[in-house]
Amino acid sequence: MDRIDAMRAFVAVVTEGSFSNAANTLQLSPQLVSKYVSKLEEQLNSRLLNRTTRKVSLTEAGSHYFGHAQQILLSIDDMEAKLGGLQQNPKGVLRISAPVSFALKHMAKPITDFQMRYPLVKVDLQLTDRKVDIVEEGFDVALRIGQLKSSSLIAKKVAPIRVVLCAAPEYLKKYGTPTQPKDLEHHRYLHYSYMNMEGKDDIYQILKAKYFKQGSDFRSNNGDVLVDAAIAGAGLILQPTFIINKALTSGKLVIVLTELEPEALGLYVVYAHRKLLPHKVRCFIDFMEGYYGTPPYWDDCMTKS
C-alpha cells in the first residue's frame, strides 16, 4: 500500500464526511477508500475513525493524525504545484474576498503590484465582512481577520493585527479618561457588530458584559463609521490599528487602558484544500506572505511617530 495514497484517502473521508463522498472526490471506489483507511490503521496500530452506518467521526488518535497528515499532503502538493508551474505564466481570473475596511485601505497597492508582476492574471476583488463560503461562492482565496478556528480550509498568516481601545481627546476631557477596567461601565461604547464576543482576553469579556447589560449607544457593521464617530466624540471604540493608525498618529484618537490590549489577531489568506492549486492562486499566496512587513507598516508608522 502506498502510504501517501492511504493518507489522502483518510483526509478525504474526514473532510468530505463519508467514505462515499471521499470516493467521489478521489475518483475511487468506496471499497478501495475503506481498504486504504483500514490498512493505514493497521500500520499505525491505532483506530483513526469511529464508523457507524450513518456517519464517521475522528477518534482522539485520528484527530492528532489528521492535522499532521493535512500538513504533509499540503507540502507535497505545494512542491508539485511549484515544480509544475516553473515554466508557466499564471493567468486567468483570480477571485478574492476581503473585509471591507481592510481592503479599502490596504488592498489596492498589493493588487496593483501583483498584477504588475503577473500581468496575465485578472483580479475580481469582492468586499464583504461576511465569511463567504469559498467553494460554494466560487472564490479562489479569502482574506480573513481573527483567530481562525480549525476547519477544512487552509490558512496562511500574512500579518499580525493589533486591536486597541481608544477615544477622542475631546471625549476624554469631557467624560474622563478610564484608568481601570471598572471605569468602562460609565463610558459610551461604540460596538462593532462583527466583533468576536467569545474572545478570552479581559477586554472582550468586559465589553461583552457591558454590551449585554446596557446595550450599545451606537453599533455598526462597519469599523470606519465607528472610527469617524469616535473622532467626533461619540465614545470609546475597540478597533484594529490598520483602521485607526492615521487617527492615532494625528492625535485625533488616543489609546486608553493599554494594559487591556488583547492578544494580536491575524490576517490570513484562506483557501480550499485542493490536490493541486492553480498557479495563479499559489503565486498570490506567496506574493502576500510578508508583503505588509513585520511589524506591518501601519503599526511601524505609529511606532516611529
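Reader: How many salt bridges does a search of the whole structure find?
Author: The search finds nine salt bridges. Keep in mind that this is a predicted model.

Reader: Which residue does Lys109 meet in a salt bridge?
Author: Its partner is Asp113, at 2.8 Å from N to O.

Reader: And how far apart are Asp113 and Lys109 in helix α6?
Author: They are four residues apart, which means a separation of about one helical turn. The helix covers residues 108–117.

Reader: Is Lys109 buried or exposed?
Author: Lys109 counts as exposed because its relative accessibility is 56%, and the cut-off for exposed is over 50%. Asp113 is partly exposed, at 22%.

Reader: What about Glu289, which residue does it form a salt bridge with?
Author: Glu289 pairs with Lys156, and the closest N and O atoms are 3.2 Å apart. Glu289 sits in the loop between α11 and α12 while Lys156 is in strand β6, so the bridge ties together parts 133 residues apart in sequence. Glu289 has a relative accessible area of 45% and Lys156 has 25%; each is partly exposed.

Reader: Which classes of residue are in the lining of the largest cavity?
Author: Nine nonpolar residues, one polar and one charged. Among the lining residues are Val164, Ile203, Leu257, Thr258 and Glu261.

Reader: Where is Leu257 found?
Author: Leu257 is in the loop between β11 (254–255) and β12 (265–272). Its phi is near 50 degrees, a positive value in a residue other than glycine. Leu257 is buried, with a relative accessible area of 8%.

Reader: Gln27 has a positive phi too. What is the value?
Author: Phi of Gln27 is near 60 degrees. Gln27 lies in the loop between α2 (19–26) and α3 (30–44), and it is exposed, at 73% relative accessible area.

Reader: Which residues does a cis peptide bond join?
Author: Thr294 and Pro295, with omega at about -5 degrees. Pro295 belongs to the loop between α11 (279–288) and α12 (297–304).

Reader: Last one. Which residues form a nonpolar patch on the surface?
Author: Leu104, Leu125 and Leu127, with about 240 Å² of accessible area together. Leu104 is part of helix α5, residues 100–106, and it is exposed, with a relative accessible area of 56%.

Key:
Residues numbered from 1 in each chain as written. Predicted model: local features only at pLDDT ≥ 70, side-chain atom pairs only at ≥ 80, totals over all residues. Heavy atoms only, no water. 1 Å grid on protein atoms, 1.4 Å probe; cavity = no way out; pocket = protein on both sides within 12 Å on 5 of 7 lines; lining within 4 Å. Nonpolar A, V, L, I, M, F, W, Y, C, P; charged D, E, K, R; others polar. Patch = residues over 30% accessible without salt bridge, like charges linked within 9 Å, V, L, I, M, F, W, Y side chains within 5 Å. Areas by Shrake-Rupley, 256 points an atom, 1.4 Å probe, with all protein chains shown as cover. Salt bridge = Lys/Arg side-chain N within 4 Å of Asp/Glu carboxyl O. Helix = DSSP H or I, 4+ residues; strand = E, 2+ residues; numbered from the N terminus. Buried < 20%, exposed > 50% of the residue type's maximum accessible area, 1.4 Å probe, protein only.
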